[in-house]
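This report concerns selected local features of one protein model. The sequence and structure are shown first.

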Amino acid sequence: MKNVIFSLGLGFLLLCVWMPVQAQEFRLNPTTGYFQNKGVDVMAFDDIYPEGHQSGVSIIMHGNRVATNGDIRFEPTPGQWQPVPIQRKRTPDADANTITTSLSFPDSSRHLRGFNPMIYPDFQFNYTVTVKGEGTSVIVTVDLDRPVPQKFVGKLGFNVELFPGALFGKPWIMDNKQGIFPQQPNGPTLAQAPNYPHSGNFNPASTTDAEHLSGHGHGYNPIIADDLVSEPYAVGKRFTVRPDDPYNRFTITSRGADLKLYDGRMNHNNGWFVVRSEVPAGATKGAIQWIITPNVVNDWLYPAVIQTSQLGYHPNQPKVAIIELDKRDLKRDKPILYRIAEDGKKEVNVAAGQEWGQFLRYNYLKFDFSNVKEEGLYQVAYGGSTSSIFRIAGDVYERGAWQPVLEYFLPVQMCHMRVNEKYRVWHDLCHEDDARMAPVNFNHIDGYSQGPSTLTKFKPGDVVPGINIGGWHDAGDFDLRVESQAGESYILALAYEAFKEDYDATAIDQNKRITEIHQPDGKADILQQVENGALSVVGAYRALGRLYRGIICNDLRQYVLLGDAGTMTDGIIGNEDDRWVFTENNPMRELNTAAQLAAVARVLKGFNDTLSVQSLQAARELYQVTEVPNPFMKSAKVHAAAELFLTTGDKVYKDFLLSETDFIVQNIARIGWYIGRAEKAMKDSKFTKAIRDALPGLRAQLEKQASETPYGIPYRPRIWGAGWDIQELGYNYYFLHTAYPDVFPPDMVYNALNFILGCHPGSNTSSFASGVGAKSATVGYGLNRADWSYIPGGVVSGTALIRPDFPELLEFPFLWQQVEYVLGGGSSHYMFLVLAARQLLAGS
């Protein structure tokens with residue numbers, strides 16, 4: 001016992017000795033890989049997404065990311081399509097207290113090719129960015145391997161971006177000049193020679209048309225971002241952000257080139273504020289040297305964050321609050337559950353939180369109050385923190401929970417429609433002039449690419465009739481991808497089969513092309529939306545003789561449209577502003593679409609019999625003609641066979657599934673969720689036994705994933721927030737549970753739903769479902785994002801990971817990887833989960 005006391009005392013003494021040292025300087029933590037000084041962290045090239053404001057040198061101050069993307073760029077205020085460097089090597093050195101990163105321009109793999117093609121200037125060079133902790137500052141030094149050519153002097157510089165959402169109305173100081181960060185970008189503008197005339201030839205085999213991509217020099221184009229920018233708000237040597245706020249105040253001092261403060265929103269609506277120093281002519285070693293000094297509040301600890309469902313809980317549902325704590329916080333309070341009645345708060349439950357351990361950068365406690373079943377309003381408190389107020393009620397999922405997806409989001413996203421909501425017009429009739437055949441050998445934007453043939457009877461530029469009906473705009477991009485259109489209809493079809501929900505709040509008239517929100521028409525909204533997706537996919541299939549890859553605007557200026565979809569094209573068929581339809585050979589997508597259409601055919605029978613027959617015919621044909629080129633894609637063939645068997649009962653599909661028993665068992669993790677329904681219908685004892693024998697291993701695998709986090713669900717974001725993936729996991733798991741309830745308990749369904757509704761990492765505990773719950777994501781990346789608004793029922797991508805360990809959900813409408821809406825599961829998976837929870841709890 002004495003040894004234990006001595007060890008604890010020695011540990012406390014060492015901690016007390018270490019903490020003052022930490023308070024005095026930024027040290028590179030070899031475990032985290034970034035510089036730390038109490039509540040302030042400086043990261044250097046941990047992240048991988050500069051076009052999404054996630055890369056370079058970044059600063060996190062007292063729980064908020066205040067600066068990012070510190071790196072060399074060719075433009076004062078770059079946007080999504082401006083050239084980014086390729087990172088070669090990152091070398092942390094704890095002994096030297098430095099992180100040195102080697103980078104190069106250009107990244108030839110992105111020059112006029114890829115998902116978002118970029119145009120690189122004709123200057124090849126290597127450079128290093130060294131970040132060194134030095135006392136209460138970090139020193140950023142940029143060394144180039146060659147001087148900047150004269151034509152790029154004044155164009156190449158070191159930028160750092162400041163998050164605008166936290167700065168509106170806040171002060172700054174540049175030397176002896178002061179200012180306030182404005183709510184909107186303010187002129188005057190600055191005209192300068194663009195880099196575009198000096199483009200390199202780094203990818204001769206590219207099939208991207210640079211002239212078309214750049215708009216042929218006609219007016220504004222977002223890929224040419226440096227010809228007209230904002231005049232700097234200030235120029236000087238020393239710049240201080242937020243001098244009024246000790247928690248967000250930091251200073252940048254330049255030892256050479258001037259600092260300039262730009263407003264990136266002048267030439268990109270989604271831009272950030274930028275501090276920049278241009279690389280001087282002739283400079284190589286030490287071309288840029290900045291001293292960055294963040295203010296460190298010595299006694300600051302991350303306040304406890306209490307994460308609960310913003311919507312609430314059914315009385316019979318597991319109820320666990322997650323409490324997120326600074327890992328330096330050794331104190332432990334007891335969580336308290338309060339019931340809120342007419343006369344105020346009453347304490348219901350007090351208990352020690354269960355220690356879960358560390359996840360990402362925080363420690364976690366769990367507070368289980370599942371035994372509380374009395375209906376009412378509740379709130380969890382811990383120390384000085386409280387959760388949002390939530391309900392415990394048997395009808396918690398009955399109104400305003402899943403319904404906004406059908407009432408608002410899906411109607412608003414409908415293409416080839418005018419969408420009204422009483423006095424409001426969400427958007428006018430749009431894209432009546434769809435669509436012309438895309439050019440061949442053409443790499444377009446947003447991942448669209450046409451090969452050497454149109455794969456149809458239509459020639460490039462031909463008008464393809466019959467495809468200007470149905471479908472939904474995918475997020476704010478307004479395109480129609482086959483996987484989002486067929487996928488959305490499929491999820492809705494399975495939801496209708498599982499829950500038989502005939503909710504009607506919307507009038508949809510496909511003939512008159514008018515949708516009226518909150519105007520019932522006597523038809524089940526969910527079936528009308530299944531029909532809407534099938535009209536697009538099946539209509540295009542019948543017109544083209546094959547599936548489309550998708551339909552998308554033909555130029556970049558159209559692509560960045562903010563506002564009414566009805567303004568994208570003129571509605572006149574066959575001219576230059578028409579959208580393009582792309583095709584492709586993609587066996588995986590074709591077979592998955594066959595599966596989806598087979599399910600669609602089942603639920604449309606008796607609702608739209610013609611479209612049901614056409615959907616099934618397309619599914620059969622796709623299954624028949626699509627060859628599987630490799631074993632990985634065989635799962636899509638299995639999927640198609642399973643859904644076709646459920647729809648038709650035909651022996652050919654059952655025989656195929658039986659013949660692939662070994663493959664199905666070996667890939668049960670991917671296939672299990674949909675094979676269970678088919679297995680029940682097949683009534684083959686040998687097949688059933690083989691599936692059953694594989695399930696314990698799958699359960700163990702899922703339990704291991706669930707144990708990775710305190711949320712009982714895996715959180716593995718790459719770039720986009722993981723909310724959509726988590727919803728899909730919960731959706732898949734529902735089918736495992738309902739097919740094999742003795743093997744798979746329902747917990748993961750509830751855990752996935754709670755994650756979306758607010759029980760997720762980070763200080764922003766908003767529900768990802770816009771308009772659902774006490775606090776939700778009411779700034780979303782949808783068609784109305786320029787107004788800092790939202791679409792009820794849209795589900796945002798959610799909390800992203802700023803590498804290596806900072807979970808973040810900002811309130812900013814243009815950060816697609818955190819607040820984007822999407823079709824093909826983003827909202828419909830959420831709706832499915834709520835309906836699933838309601839169903840499962842009704843029988844509990």
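Gly550 lies opposite Phe582, a residue of strand E40. The pairing of strand E39 (residues 550–552) with strand E40 (residues 580–582) is antiparallel and runs over three bridges; two strands pair if DSSP finds at least two bridges between them. Strands (E, at least two residues) and helices (H or I, at least four) are DSSP runs numbered from the N terminus. The open sheet comprises four strands in the order E33-E40-E39-E36, with mixed pairing. Strand E33 (436–437) and strand E36 (480–481) are at the edges with a single partner strand each, so one side of each has no neighbour in the sheet.

The model is predicted: local features need pLDDT of at least 70 and side-chain atom pairs count only at pLDDT 80 or more, while totals for chains, interfaces and linings use all residues. Residues are numbered from 1 along each chain as its sequence is written, and side-chain values use heavy atoms, with hydrogens and water left out.

Glu161 belongs to strand E10 (residues 157–162). Two polar contacts of its side chain are tabulated; the term denotes a pair of N or O atoms within 3.5 Å, where within protein one must be able to donate a hydrogen and the other to accept it, and residues adjacent in sequence count only if both atoms are side-chain atoms.

| Side chain | Partner side chain | Polar contact |
|---|---|---|
| Glu161 | His53 | 2.6 Å |
| Glu161 | Asn69 | 3.2 Å |

In helix H17 (residues 828–842), 12 of the 15 residues are buried (under 20% relative accessible area, 1.4 Å probe, protein chains only), among them Tyr830, Phe832 and Leu841.

Key: Buried means under 20% relative accessible area, exposed over 50%, partly exposed in between (1.4 Å probe, protein chains only).
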